[in-house]
Amino acid sequence: MSDFIGIFLAVLLAILIAPHVQKHAGAILSGVTRINFVQRNGVLISTYLIVAVLTWTVVMIVLPQLYMMDYSFRHNLLPNDIGGPKDVHTLEHYRYLLFGRPGDVELMNWLHLKVFGRTILVSVLITLVDFALCYPIAYYMAQVAKGGKARLLVLCLILPFWVNEILRAFAFRILFGTGGVINVLLVGMGFVDEPIDFLKADVGLYAGLSYAYILLMIFPIYNAVESLDHNQVEAARDLGSPWWRIHYRVVMPHAKPGIASGCTMVFMLCAGALAAPQILGGPSSLWFTQIIYQWFNTGGNWPRGAAYAFVLLIICIVFVMAVMRVFNVRFGEIAK
Amino acid sequence: MSADVELDHVTIRFGDFTAVNDANLRIEEGEFFSFLGPSGCGKTTILRAVSGFLDPSEGEVRIGGKNMWGIGPNKRPTALIFQNLALFPLMSVADNIAFGLEVRGVSKFERRKRADELLSLIALSDQGEKLVTALSGGQRQRVAIARALAVEPEVLLLDEPLSALDLKLRQHMRTELRAIQQRVGITFIYITHDQGEALTMSDRVAVMSAGVVQQIDNGTTIYNDPATAFVASFVGENNPFSGKVTKADNGFAVIDSKFGPLRGRNNQGLKEGDDAILFIRPEALVLANGKAQSENVVEAAVVNEEFEGQFVKIYLKGEGPKDIGLSVINDASTELPEEGQTTRIVFDPDRAVVLPVGEMADE
Amino acid sequence: MTSKTVMRIMVGFYILLFFGYLFGPLLLMGASAFNTSTFPQVAPWEGFTVKWFGALLANSAMVEGFWNSIWIGLGVICLAVPISLAAALMMTQVYEHVRPFYYTIVVSPVLIPGVILGLSTVVFWDKIGAMVEADFDTSWFYDGMFLTIVGQSTFISAYCMLIFLARLQRFDRNLEEAALDLGATNVQVFWKILIPFLRPAIFSAAVLAFLTSFENYNTTVFTIGSDSTLTTVLSGQIRLGTKPDVSALAVIIVAITLVGATVHEVIRRREMAREEAAREAARRAEMAIDMKLAATPAAAS
């Protein structure tokens, strides 16, 4: 409780004071006179700007994340015990993710660790697949197709993605279900005798996930490739470069920020997906977000859910940093 | 109504950088006053201090005798015409012109009337309903002037407003601006890096370099009697000869240049032994053509000749990397030297100035 | 000729395949809405019907969720649009060396998984509620609708901010200064210069905010508590086994999307035509002036 208030005050103060310190220190040291924030915007507008931005950054973004972090290090207590002597920090929930309940037969909590590993691995694979699928289309739309045709293609791409995420997953259920179109076709044409349970084998889930976020791969790449002067491609061709080398040496380096952005978005959304695994996942397989949801919902252990969520957040941050390092791009170029 | 503008020892700093250093001058009521200098010389900073977008770090800006410190741009009796004009693209021409009245709460009827008057002043009477984006460059220019005049400023500030126009239109607008100024009779402060604009339109010009006001005078004086090496080298073409002063008397000084002793007017009080530069304009240099001369003779090889119709430009090998240029009237009787040949040129000491060594304008 | 033609055919085939992949599942889902079979399927086709659209209206949970989603969407517009506008304006004014830090903070919600945003919102407000000893039944801090609006706005504000930033990049700061110089107060500059300039962006941001809110699931499922939205109802019903009324809903949503996209495209084209007309007029005016100057050389000298 007390350190929670401490964090709150520290962040608030830092954000409130930092610009002032800088401004005044600068002004006193060098005698600069410059129109300051309030002079420039007037009292009314300044108040609106500051209140709105502080509400968002502090109350909506920073504090909930910090509090969730703090919360994940606390015991799951009854309301009466909160703030009492039992309300101390603990690694209990992180230990649980790694080792399970104390005294379990298994040394490690393989069930949850496997789910975690699978979530990350599959998300990476889906990201790679989506990139392979999208790059040709993005290149075609940005460099080959002209005017009206390109606009029509863009429109056609956007349309499916205004359809609800859940409905999109539902569409894949219709496609892959035991009574679904694919099974009816397979059985009808005599390839298999019995319908295959694609959902149980998670084929439906993987297909649905790679489908769900494909737009977020195409558009950043499309925007990046579009800004490439087509003459560069022609020049490379003129100099005798084969097509694959043109892409490898000219187009891809130019589109690097877009590719980084697309890969980051798809990975994040995949790893953080909840609807598609709930609808398309087989009964025995889980996605990491589903475990978080279970702790939060039926499991009734919010701090443990918070701990799992925090682990997911860390992985996402690591991934973003890795992408920034590998592609050598700045954060601002990824989140555009 | 018109007002005078005073800069009383104004210094403006941004961090460690001093944009304006101790500017001290007075612009009279109804004067057309220009600040001339290369980009980054601090002229725009002065304009912003006068219009109220920043306050000086030291010193005072006074308009009509009143200290303007802390008074915002919307409270000052000035109007600014921006380099890119900054017309409001979403408003009609008439709404642009009447904007200053609108924010002052003037009634719609009054606004309409005043906008119509100004539209006829700038000869755009039937264009009030158009969007400003539908106007030509010159028309936009005039709308910007009308918009500034609508608020009846005592001082009109112009920040290189002609720089976006093509050459022909620019020359046309010079005449028009001067005419408008004479008609409305208010103080104009004009910022430019184009010496042609400054010299043709202004009553007085302040030449600036690196935050320092170098000289304030009318155009003729600035050209004929530059006060510093910077002004001499920035305004018009000039040939510099450097050396030590060997003799200074009766308003003249002699320097020992690489080409021998050269004499020119000494308005800056140089004394014997001072490092100095003598400047002589290309049109003041003449070919000696064998005639005997007692002083100011320069002998050098001809590097290049350019035929320009009315006159011929001849370049001789100078003391440094820069050639000595002279303009010779093309009157067919003059015998021109061959390229590569050594020739002798002379000049009248009355037309040369000797100035202290200082920063030169790089062209 | 041959290799180029083969290449072109292959590219065309790939594009066809790709768009087949994009639209195929949706078309099948649409078709299943008209099949009389009580399970959402296309094959076997048992007969054409529109009864599932009626069933949709009778699905009271779905209808209630729909209205909740509408209200939440409107709430998100009211919260996220002003916040994102302020954040974008702040971005243009914040000190140069603080800007990357600020940018990282305000854009991070885009990259934080929705489930985490939802979870952190709930535990945070739960704590605030406990701190002020708010009443569980009546207080906002435990209200699903309020929490959902706040939780969604956390990241939707970031999307909207990016829209505003894109528009602000094309804003000429001189316009503000010109207005100030002409005597406008700061508030007048804001309302008469900045807001009119940003109007298209405000509209886009509001539409984006509403649509994103309307279809959000990951954050909502944590914040909504005992209430429901269309997405949480849908997800629940699909998991428990489905009827084709879900497909009927999809058909309606796709239809609305199609109409919306078409209208948007038409408006955009009209706008472009208008801008082109203004440019054309400027070109003509320019030519007329040139001719006049050419005719009176005296004026030019």
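The largest nonpolar core in this predicted model has 148 residues. Within this core, the residues with the most contacts are Ala138(A), Ile218(A), Ile221(A), Ala309(A) and Leu119(C), a list that takes in residues of chain A and of chain C. Helix H3 of chain C, residues 60–93, gives the most to the core, with 13 residues. Chain A also brings in both of its domains, since at least three core residues are drawn from each of domain 1 (2–72) and domain 2 (110–334).

Now to chain A itself. Chain A is built with 15 helices and zero strands. It has 336 residues, and 37% of them count as buried. Among its contacts between residues at least 6 apart in sequence, 70% join residues at least 24 apart. One helix that ends up mostly covered is H8 of chain A, residues 203–212, where eight of the ten residues are buried. The buried ones are Gly204(A), Leu205(A), Ala207(A), Gly208(A), Leu209(A), Ser210(A), Tyr211(A) and Ala212(A). What sits over them includes four other helices of chain A: H4 (110–144), H6 (165–176), H11 (243–271) and H12 (275–280).

Contact between the two involves four residues of domain 1 of chain A and five residues of domain 2 of chain A. On the domain 1 side, the residues that touch domain 2 divide into three nonpolar, one polar and no charged.

How confident is the prediction for chain A? The mean pLDDT of chain A is 77, and 81% of its residues reach 70 or more. Over residues 1–6 of chain A, pLDDT stays under 50, and the model has three contacts for them beyond four places in sequence. Residues 17–34 of chain A also have pLDDT below 50, though this stretch has 21 contacts in the model beyond near neighbours in sequence.

Next comes the meeting of chain A and chain C. This contact takes 71 residues from chain A and 74 residues from chain C. On the side of chain A, the largest share comes from helix H2 of chain A (residues 37–72), which supplies 21 residues. By class, that side of chain A has 55 nonpolar, 15 polar and one charged residues.

Chain C also touches chain B, with 29 residues of chain B in contact with 26 residues of chain C. On the chain B side, the elements giving two or more residues are strand E6 (78–81), helix H2 (93–102), helix H4 (137–150) and helix H5 (167–184) of chain B. Of these, H5(B) gives the most, with four residues. Sorted by class, the side of chain B that touches chain C has 15 nonpolar, twelve polar and two charged residues.

Chain B, too, is assigned two domains: domain 1 (5–224) and domain 2 (229–356). Their centres, taken over C-alpha atoms, are separated by 39 Å. The contact between them takes seven residues from domain 1 of chain B and five residues from domain 2 of chain B. Strand E9 (204–209), strand E10 (212–217) and helix H7 (219–224) of chain B each supply at least two residues to the domain 1 side. That side of domain 1 of chain B has three nonpolar, four polar and no charged residues.

Finally, there is a sheet in chain B. Five strands form an open sheet in the order E15-E19-E16-E17-E18 (chain B), with antiparallel pairing. At its edges are strand E15 (286–287) and strand E18 (324–329) of chain B, and each of these pairs on one side only. E15(B) pairs with strand E19 of chain B, residues 342–346, in the antiparallel sense over two bridges. As one detail of that pairing, Leu287(B) has Ile345(B) in E19(B) as its bridge partner.

Terms used. Residues are numbered from 1 along each chain as its sequence is written. Chains are lettered from A and ligands numbered from 1 in the order in which they are written. This is a predicted model: local features need pLDDT of at least 70, side-chain atom pairs count only at pLDDT 80 or more; totals for chains, interfaces and linings use all residues. Ala, Val, Leu, Ile, Met, Phe, Trp, Tyr, Cys and Pro count as nonpolar, Asp, Glu, Lys and Arg as charged, and the others, Gly among them, as polar. Domain bounds come from an automatic or database domain assignment. Two strands pair if DSSP finds at least two bridges between them. pLDDT is the predictor's confidence in each residue, from 0 to 100. A residue is buried if 20 or more other C-beta atoms lie within 10 Å of its own, exposed if 12 or fewer, and partly exposed in between; C-beta atoms are placed from the backbone. A nonpolar core is a set of buried Ala, Val, Leu, Ile, Met, Phe, Trp, Tyr and Cys residues joined through C-beta atoms within 7 Å.
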